[in-house]
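Please go through the structure shown here step by step. The text below takes its parts in turn.

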Amino acid sequence: MRTAYSVETVRAAEQALMARLPEGALMQRAAAGLAAACADLLRRAGRVYGSRVVLLVGTGDNGGDALYAGARLARRGAGVVAVRAVPGRAHEGGSAALLAAGGRVVDGGESTTHQDWAGRIDLVVDAITGIGGRGGLRPDAAGLVGRYTAHGAPVVAVDLPSGVEADTGEVPGEAVRADATVTFGAYKPALLVDPAAERAGALRLVDIGLGAELPGVPDLEALQYADVAALLPVPAAESDKYRRGVVGIAAGSARYPGAAVLAVSGALRGGAGAVRYAGPGGAAVIARHPETLVHAGRPARAGRVQAWVVGPGLGDGTDAVAAVSDILATDVPVLVDADGLRLLDAEVVRARTAPTVLTPHAGEAAALLGARREEVEAGRLAAVRELAARFGATVLLKGSTTLIATDTPHTPVRVNPTGTGWLATAGSGDVLSGLTGSLLAAGLAPLDAASAGAYLHGLAARRAADGSPLAALDVADAIPAAWRDVRA
Ligand SMILES: NC(=O)C1=CN([C@@H]2O[C@H](COP(=O)(O)OP(=O)(O)OC[C@H]3O[C@@H](n4cnc5c(N)ncnc54)[C@H](OP(=O)(O)O)[C@@H]3O)[C@@H](O)[C@H]2O)[C@@H](O)CC1
Ligand SMILES: [K+]
């Protein structure tokens with residue numbers, strides 16, 4: 001499991017650890033890890049000795065980390081220039097260490113020889129702000145970043161790309177775009193959540209001994225192969241199809257019969273013993289998936305299921321309204337997606353005795369929150385938490401970073417690490433809802449079903465795309481291979 005902690009938690013852990021260590025020890029650990037990461041990058045393109053490194057340093061300890069790391073690189077023969085974002089202000093000990101190692105410290109506005117390097121910089125180290133930064137880069141700092149990154153030298157961010165909001169992943173103004181980020185002690189939420197995460201590049205976590213001081217429950221967590229493998233259902237020797245769970249799918253309409261096929265195709269790969277389909281798309285479903293149990297009438301009369309999926313391609317006619325109300329009235333877990341989300345009443349969802357899972361994309365989430373789509377995309381973490389609290393549900397917010405939150409306090413939000421840009425294709429969400437519904441029917445808890453579903457779906461999409469565009473059914477077809485990858 002990859003975990004992330006808020007700034008407040010990281011600072012408290014650092015305080016506790018620092019109290020037991022000699023002054024400055026943590027910064028030295030951070031600087032050593034940062035220097036090693038920079039040296040690796042420099043070696044990839046040539047060597048450390050004789051390379052040209054520019055440190056963009058702010059006024060705080062983030063700059064201090066870079067200055068001490070710069071001193072280490074200078075001692076190995078790199079030419080290191082620290083450029084202060086605020087004239088005359090930078091970490092004193094770090095500045096002295098860099099000067100003593102043969103590096104230089106200049107101010108951003110100064111015309112000095114290092115500017116002749118412009119096109120010949122091998123590495124830019126961004127240390128303007130770390131966890132102490134607020135509100136996007138100030139104009140002077142942004143100007144400095146623009147000047148030194150214009151020639152395409154690789155950029156390593158220290159702790160976080162400067163300008164991103166550490167706790168939320170928001171990017172309120174100008175921010176650095178890094179090729180790699182070297183972070184200390186623990187990942188911060190911004191490193192896992194877009195739009196900030198997308199500016200961080202490759203992540204490298206430096207152990208500074210913080211682990212024992214961090215609480216057991218993080219703010220965010222991202223499942224990895226082993227975590228997902230442990231969640232996936234395994235049929236026992238005595239399992240029959242009903243014991244493995246039956247998932248009901250209420251999807252599709254005369255106008256959108258394809259959604260029924262896609263949701264069923266996901267559900268068939270999710271581990272439930274059988275898939276029951278209720279709605280007008282039965283003929284299309286049977287043509288593609290003859291193993292489905294189809295029912296042409298209302299879901300209430302379709303027969304017993306262990307979980308329902310309602311919404312994909314349902315439209316908004318009377319049948320759609322009836323399907324949503326039938327299904328929300330049941331006492332089994334329900335996943336509501338797509339058109340079903342437009343027919344939701346928060347009070348009805350809150351009053352349910354069994355769990356409800358909502359799977360909106362940003363536009364649907366915005367409609368549920370009465371916000372604008374751009375607001376949801378800019379503040380995904382806040383949006384998913386707010387939706388979960390408002391509906392008393394588990395919410396999977398799809399998008400460039402898929403997030404899953406529950407309404408249970410002190411439960412980490414899950415971040416899905418798999419996926420590909422090619423997943424933004426019509427019908428792929430229908431496959432995800434079928435798959436996740438099937439995992440619910442197989443007995444997974446809502447948070448686990450949603451996060452394992454998103455994980456497998458993203459992995460299947462990567463396999464199916466393999467660098468090329470994909471269609472939603474390709475994703476469904478690749479789920480068994482993704483499942484085997486995870487289990488391997
Ligand atoms: N704690 C520890 O044990 C360890 C901490 N470590 C390191 O320390 C880092 C945290 O250091 P920190 O607390 O000094 O804050 P930091 O991120 O350097 O920002 C400082 C200053 O930036 C300024 N500023 C703010 N917003 C701005 C903006 N938008 N645009 C431009 N400037 C802006 C503002 O200065 P102001 O001008 O307001 O005085 C603020 O005071 C942490 O990320 C990690 O790298 C590691 O060594 C491991 C051990
Ligand atoms: K930084």
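Lys398 counts as buried because it has 24 C-beta neighbours inside 10 Å; a residue is buried if 20 or more other C-beta atoms, placed from the backbone, lie within 10 Å of its own, exposed if 12 or fewer, and partly exposed in between. This is a predicted model, in which local features need pLDDT of at least 70, side-chain atom pairs count only at pLDDT 80 or more, and totals for chains, interfaces and linings use all residues. Residues are numbered from 1 along each chain as its sequence is written, while chains are lettered from A and ligands numbered from 1 in the order in which they are written.

Lys398 sits in the loop between S16 and S17. Helices (H or I, at least four residues) and strands (E, at least two) are DSSP runs, numbered from the N terminus. Setting aside neighbours within four places in sequence, Lys398 is in contact with Thr359, His361 and Gly429; two residues are in contact if their C-beta atoms, placed from the backbone, lie within 7 Å. Gly429 belongs to helix H15 (residues 428-441) and is also buried, with 26 other C-beta atoms within 10 Å. Besides Lys398, Gly429 touches Asp337, Ala338 and His361, not counting residues up to four places away in sequence.

An unreviewed entry places the feature "binding site" at Lys398, Gly399, Ser400, Thr401, Thr402 and Gly429. They span 32 residues in sequence, yet no two of their C-alpha atoms are more than 14.2 Å apart, so they gather at one spot. UniProt positions are given in the numbering used here, feature names are shortened, and annotations may be inferred rather than shown by experiment.

Strands S16 and S17 are part of an open sheet of 11 strands with mixed pairing, in the order S1-S9-S18-S17-S16-S15-S14-S13-S10-S11-S12. Its edge strands, each pairing on one side only, are S1 (2-4) and S12 (293-295). Two strands pair if DSSP finds at least two bridges between them. Neighbouring strands of this sheet are turned by 20 degrees against each other on average, direction ignored.

Helix H9 (residues 318-328) lies across S10, S13 and S14, at about 155 degrees to S13. For such angles, axes are lines fitted to C-alpha atoms, for helices over the stretch in contact, and angles run from 0 to 180 degrees between N-to-C directions. Strand S13 holds Trp308, which is buried, with 31 C-beta neighbours inside 10 Å. Trp308 and Gly248 are 60 residues apart in sequence but 4.6 Å apart in space, C-alpha to C-alpha.

The other sheet to look at is an open one of seven strands with parallel pairing, in the order S4-S3-S2-S5-S6-S7-S8. Here S4 (104-107) and S8 (202-206) are the edge strands, and the twist averages 20 degrees from one strand to the next. Strand S7 (residues 180-184) pairs with S8 in the parallel sense over five bridges, and Thr181 stands opposite Leu203 in S8. Helix H2 lies across S2, S5, S6, S7 and S8, running at about 160 degrees to S7. Helix H5 (residues 139-149) lies across S2, S3, S5 and S6, at about 170 degrees to S2.

Strand S5 (residues 123-127) contains Asp126, which is buried with 33 other C-beta atoms within 10 Å. A "binding site" annotation from an unreviewed UniProt entry covers Asn62, Asp126 and Ser162. Although spread over 101 residues of sequence, they cluster in space, with a largest C-alpha distance of 9.6 Å. Asn62 lies in helix H3 and is buried, with 25 C-beta neighbours inside 10 Å.

Which residues are closest to ligand 1? They are Gly60, Asp61, Asn62, Gly130 and Gly132, out of 28 that surround it; a residue is near a molecule or strand if its C-beta atom, placed from the backbone, lies within 6 Å of it. Helices H1 (7-18), H2 (25-45) and H3 (61-75) each supply at least two residues of this shell, and the largest share, four residues, comes from H3.
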